[in-house]
Every structure is written in C-alpha cells, then in structure tokens.
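Please find below a short note on the structure shown here.

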Amino acid sequence: MSGNKTTQGSKSYIGLRDLVYAKLLEDVKGSLPVYGPVKSLAPAKTASINPNSSSSTEYADDGILDVFDSNGAYTVSFTTAGIDDEVLADLLGAKYEDGGTEYHKDRRSPFVAVGYKSKKADGTFAYMWLLKGKFNNINREHNTQEDSITPQGNTLEGTFIDRDSDGLFKHVLNTAKAPEETIENYFKNVYGAATESDEDTTP
C-alpha cells in the first residue's frame with residue numbers, strides 16, 4: 001500500500017462557523033438574481049439540510065429501463081447560540097422597533113440566502129451558500145437557572161428551493177482548490193448574484 005494515500009477520514013466535516021444571510025430582492029429567469037447586503041446571522045452550532053426527493057423506475061422487456069429522479073424543496077434548520085432580535089425580525093418578516101418586536105398573524109418571511117463555513121478534518125474549509133429559502137419558525141427553550149448552567153439555543157427552521165433565475169439551490173466552494181481571490185470574496189456577495197457593476201450596466 002502506498003504511503004502517500006490520503007486517508008478516507010481526512011476530508012470529513014468537523015466544524016461550522018460564520019453564519020451569514022442576505023435578502024433575495026429579485027429572482028427572474030434569464031437575469032442575474034439581486035440580493036441585499038450580506039449580514040451576520042448568529043453564532044452557529046448545527047446545520048441540517050434534508051432533501052425532499054423522489055424517484056421512480058421504468059420497467060420494459062422484463063428489466064429496468066430507466067430511473068427518474070425528482071428533486072423538490074429542502075428542509076433546512078440551523079441551531080444558533082443566540083440570535084439578535086432585529087436579525088430574527090428580518091428573517092421572519094416581523095416588525096422591529098426600539099427594542100421591541102411585533103409578530104403579526106399576516107407577516108410574511110422574505111426569501112433569503114444563507115452562507116456558512118464548514119471546517120474539514122484536513123484543516124481546509126468548504127464554503128457554502130444556500131441560495132433561496134424562507135424561515136417559517138424558530139424553536140426556543142427557556143429554562144429556570146439551576147446550579148449548573150445549560151445554554152439554551154435557538155433553532156431556525158425553513159424551506160429552501162431552486163432559484164428561478166438559474167435553477168441553482170446550493171453552491172459549495174472547496175478552499176483547498178479554489179483561487180485565493182475567490183476565497184477572499186466568496187461571502188462579500190451571494191454566489192451568482194448581480195453586483196453593483198452588473199446593475200449599472202445598460203444594454
């Protein structure tokens with residue numbers, strides 16, 4: 001066995017950090033999507049992305065002829081160590097003013113993109129953007145303080161879908177193979193979105 005062989009576990013994900021978000025302002029097929037500024041979301045503890053997919057098998061001539069796959073929406077949840085009230089209001093379509101937040105029955109959560117970094121066992125990172133989704137709820141626990149303190153986190157739950165503009169759901173950047181400039185600029189704007197220079201250009 002060669003001594004240069006990379007071990008199977010060296011690329012496993014072992015970390016999560018730098019959770020950010022940006023509001024999706026425009027998403028039209030054939031045009032670049034437009035987002036608001038990228039903002040810090042909250043200190044990240046866990047992330048879960050579960051696809052709602054299905055497949056069907058076509059049989060012919062006494063055997064399997066083809067398999068058809070269908071990718072639907074993705075159920076996404078993030079657990080954070082604490083989330084600012086103003087940020088939460090921004091994500092859930094609530095009204096924040098002077099330290100107070102109003103959650104109206106007819107509020108509507110905006111579409112957003114969410115980005116984060118996940119460290120690998122070999123010391124490199126995967127940078128990720130989930131490009132279009134809505135958060136519809138937050139789960140919180142409030143417990144009385146006891147002799148031993150147990151931090152109480154917040155879990156944001158939402159549904160993410162493909163962008164209309166280009167059909168993308170997610171983008172992942174392997175920092176071990178990407179150019180330095182791409183790595184440095186990755187979270188300055190949402191992946192694939194129009195920049196100020198794009199918006200100022202007239203046909």
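1. The model is predicted, and the remarks below should be read accordingly. One aromatic cluster is formed by Phe-125, Tyr-127, Trp-129, Tyr-186 and Phe-187. By the ring-centre criterion, the count comes to 9 aromatic pairs.

2. Among these pairs is that of Tyr-127 with Tyr-186, which is tilted, with 5.9 Å from centre to centre and 40° between the planes. Tyr-127 belongs to strand 9 (residues 125–140), whereas Tyr-186 is in the loop between helix 2 (180–185) and helix 3 (196–200), so the pair ties together parts that are 59 residues apart in sequence. Tyr-127 and Tyr-186 are both buried.

3. A further pair joins Trp-129 and Phe-187: the ring centres are 5.6 Å apart and the planes stand at 55°, so this pair is tilted. Trp-129 lies in strand 9 and Phe-187 in the loop between helix 2 and helix 3; the pair therefore ties together parts that are 58 residues apart in sequence. Both Trp-129 and Phe-187 are buried.

4. Phe-111 deserves a separate remark. Lys-132 lies over the face of the Phe-111 ring, at 4.8 Å from the ring centre. The charged end of Lys-134 also sits over the ring of Phe-111, 4.6 Å from its centre.

5. Is helix 1 enclosed or exposed? Of the 8 residues of helix 1 (residues 85–92), 6 are buried, so the helix is largely enclosed by the rest of the structure. The buried residues of helix 1 are Val-87, Leu-88, Ala-89, Asp-90, Leu-91 and Leu-92.

6. Just after helix 1, Gly-93 takes a positive phi of about 70°.

7. Most residues other than glycine have a negative phi. Asp-18, a residue other than glycine, has a positive phi near 55°. Asp-18 lies in strand 1 (residues 17–26) and counts as partly exposed, at 41% relative accessibility.

8. Asp-98, likewise not a glycine, has a positive phi near 50°. Asp-98 is placed in the loop between strand 6 (95–97) and strand 7 (100–102). With a relative accessible area of 78%, Asp-98 is exposed.

Notes
Residues numbered from 1 in each chain as written. Predicted model: local features only at pLDDT ≥ 70, side-chain atom pairs only at ≥ 80, totals over all residues. Heavy atoms only, no water. Phe/Tyr/Trp six-rings, centres within 6.5 Å; stacked < 30°, edge-to-face > 60°. Helix = DSSP H or I, 4+ residues; strand = E, 2+ residues; numbered from the N terminus. Buried < 20%, exposed > 50% of the residue type's maximum accessible area, 1.4 Å probe, protein only. Lys NZ or Arg CZ within 6 Å of the ring centre and 35° of its normal.
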